[in-house]
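Here's a friendly walk through this protein for anyone meeting it for the first time. Have a look at the structure, then read on.

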Amino acid sequence: MLEIMKRVAIFALGIALCLMDFLCAADVTTATPVLKATYGTTVNMQWKITLDENQTINSFSVSLKSQPRNPIISGGADSQIVLNKGRELFGSRVSAVYDEIASTYTVSLKNIQYNETLSIQLTATLNNPFFGKQELIEIKEVTGSPSLCGKNLESKYMVNETRTLSVVQVICGHPKPEVKWKVGDDNFSASYNSSEINTKIRQYGYTFRTRTVNRTDCGKDIKYIANNSFGIKTGSATIDVTFKPKVLYGSAYINNTGCILVSWYRENTGKCNISYHLQFAGRETIYNTSNTYFTLCNATDVKTVTIRASYKGNVGKEVTRRISTTTSPPTTTTTTPSKTTSITPSNKTNGTVNTNGGDKKSNIGLIVGIVGGILFVIIIIIIIVCVLKNKKKNGTGNHSGYAMRVTGEENNYVTDPTRSNRRQPANPDDPEQAIYSELGPGGGRTGPRPAPEQSDYAEMKVDAMGYPIEGAKASEPPTYAPVIKPREGAKRRTPSPPRSNVDGARAAASSEPPAYAPIMKNRSSSRGRSPPPDEDDHEGVIV
């Protein structure tokens, strides 16, 4: 009995010593218990080992939290060894190292994948092999930019005209990438369909269906742009359209050198080059070119030409036209420059093939005619402007300076000193500046008024209509108006308003010259009468 109690005491003491050693042992900690990794990079998981005096590391063991009994790395203070389980899971991508000086233990995982969201547990044992310290580091999430991880686009897709094209591209990324498509310059907002292929590795499939393809899409690129918050991935493929090209006929004629010039137009076929084949009537030779023009000399006997277009063995409908004998140059349109090749079979002819661009001489006569016409119009406009300016400068209209008023059969007229090329009118109060017009059987003249004869004139003060002015000042000099002497035996008529210039012309034929009498200008001191409503404000009197 005593022996049994002694053994139990020794065992309890050992347990107590072990517990004390465990409690007093160094601590194992980490500064980054949770990590977020980036796809394809190297992840370093590091622990800090703190030891007390006289404590040493006995061993290290690294395992997954989900499989604690299957360590992936094991070793002591000197070296670390990747075990079979580690190589099975990670191959050569995992390794570990203990830095005794820094007291750190580091596990490195290279080229981390999307499905490697793991919890790594480190167990460090000290002097007592029965107890050890443990600490976890969790890789919570692996993110990454879009990348190719499956089926890719082909380099070129063949599609028949008027058909649609469907393509598939597999892309990985986390968060899930968004993919947009583009055909040539046409943008499309999203894919026709997208699906999740494998959640663990963040793999998605994107299907795109084009619109109806036509020949203008030939040679264009179909592109995709995949992006998420971590990056962008692009890719492209070429569209090759199967179709039968057309010949848009232009003209064919014989120029002044005796050569046949043939030209046509190229239809819009995108970036695909079309081949053209020409055959002239009566000749077996077929001429091939990728240009839109062709010249054949020494073949004036040819009447027609046949043209066909082809693309990758697909030959379109032929076009046959008669060759004209006119020499007017055709208009040609070439969208893309390309080389010209000529293939001549065994049956040769003595014709000569020239691959120039046709007769490109400009119509000099037409240009000269247009320029000459423009210059002629400019000269006519300059002449008209000069004539109008000269006419405005010299003035036009009645330069005689008089107006006639006719009453009955008598010659009654007055002078008009205000109408003479818009010059300043003569002063009617100055006898030397008076202007008159004299008409008679022998003609008329204008000029300074001759000195009046006392016997032929009578001074009186009259208004514009020839009526005497009452109360006029005697100091005011009289003005003069023509007075017609009454013929012998003729009755004196009372003044009458003017009717027209016709009677004035009749009066001009009178056999007797006119006489003059002084008249006074209409002033405010007169009877209050306003001047006659004449446009030129004539002054005078009919007596």
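## A tour of the strands and cores

Let's start with strand S9, residues 119-125: six of its seven residues are buried, so the strand is largely enclosed by the rest of the structure. Keep in mind as you go that this is a predicted model.

What does S9 pair with? Strand S4 (residues 59-64) runs antiparallel to S9, and six bridges join the two. One spot to look for here is Leu-64, whose bridge partner in S9 is Ile-120. S9 also runs antiparallel to strand S10 (residues 132-148), this time with seven bridges. Over there, Thr-125 stands opposite Gly-132 in S10.

Is Gln-121 buried or exposed? Its relative accessibility is 13%, and because the cut-off for buried is under 20%, Gln-121 counts as buried. Setting aside residues within four places in sequence, Gln-121 is in contact with Ser-61, Val-62 and Ser-63, and also with Gln-134, Glu-135 and Leu-136.

If you want a landmark, find Gln-46, which stands opposite Thr-106 in S8.

Another open sheet has five strands in the order S11-S18-S17-S13-S14, and its pairing is mixed. Its edge strands are S11 (156-160) and S14 (186-188), and each of these pairs on one side only. From one strand to the next, the twist averages 25°. Within this sheet, strand S17 (residues 221-228) and strand S18 (residues 231-242) run antiparallel, joined by eight bridges. Here Lys-223 has Ser-236 in S18 as its bridge partner.

Here are the strand pairs from the tour, side by side:

| Strand pair | Direction | Bridges |
|---|---|---|
| S4 and S9 | antiparallel | six bridges |
| S9 and S10 | antiparallel | seven bridges |
| S17 and S18 | antiparallel | eight bridges |

### The nonpolar cores

On to the cores. Which residues of the largest nonpolar core touch the most other members? Out of 44 residues, those are Trp-181, Val-262 and Phe-280. Strand S24 (residues 304-311) supplies the largest share of this core, with four residues. The core also draws at least three residues from each of domain 2 (149-242) and domain 3 (248-325).

Not counting residues up to four places away in sequence, Val-262 touches Ser-251, Ala-252, Leu-278, Phe-280, Thr-292, Tyr-293, Phe-294, Val-305 and Ile-307. There's a second, separate core as well: it has 31 residues, including Leu-35, Val-94, Tyr-98 and Cys-172.

### A helical span

One last stop is further along the chain. In its unreviewed entry, UniProt places the feature "transmembrane region" at residues 364-388. In the model, residues 364-388 are 100% helix and 0% strand, and the end C-alpha atoms of the span lie 37 Å apart.

Notes: Residues are numbered from 1 along each chain as its sequence is written. This is a predicted model: local features need pLDDT of at least 70, side-chain atom pairs count only at pLDDT 80 or more; totals for chains, interfaces and linings use all residues. Side-chain values use heavy atoms; hydrogens and water are left out. Two strands pair if DSSP finds at least two bridges between them. Buried means under 20% relative accessible area, exposed over 50%, partly exposed in between (1.4 Å probe, protein chains only). A nonpolar core is a set of buried Ala, Val, Leu, Ile, Met, Phe, Trp, Tyr and Cys residues joined through side-chain atoms within 4.5 Å. Domain bounds come from an automatic or database domain assignment. Contact means heavy atoms within 4.5 Å. Axes are lines fitted to C-alpha atoms, for helices over the stretch in contact, and angles run from 0 to 180 degrees between N-to-C directions. UniProt positions are given in the numbering used here, feature names are shortened, and annotations may be inferred rather than shown by experiment.
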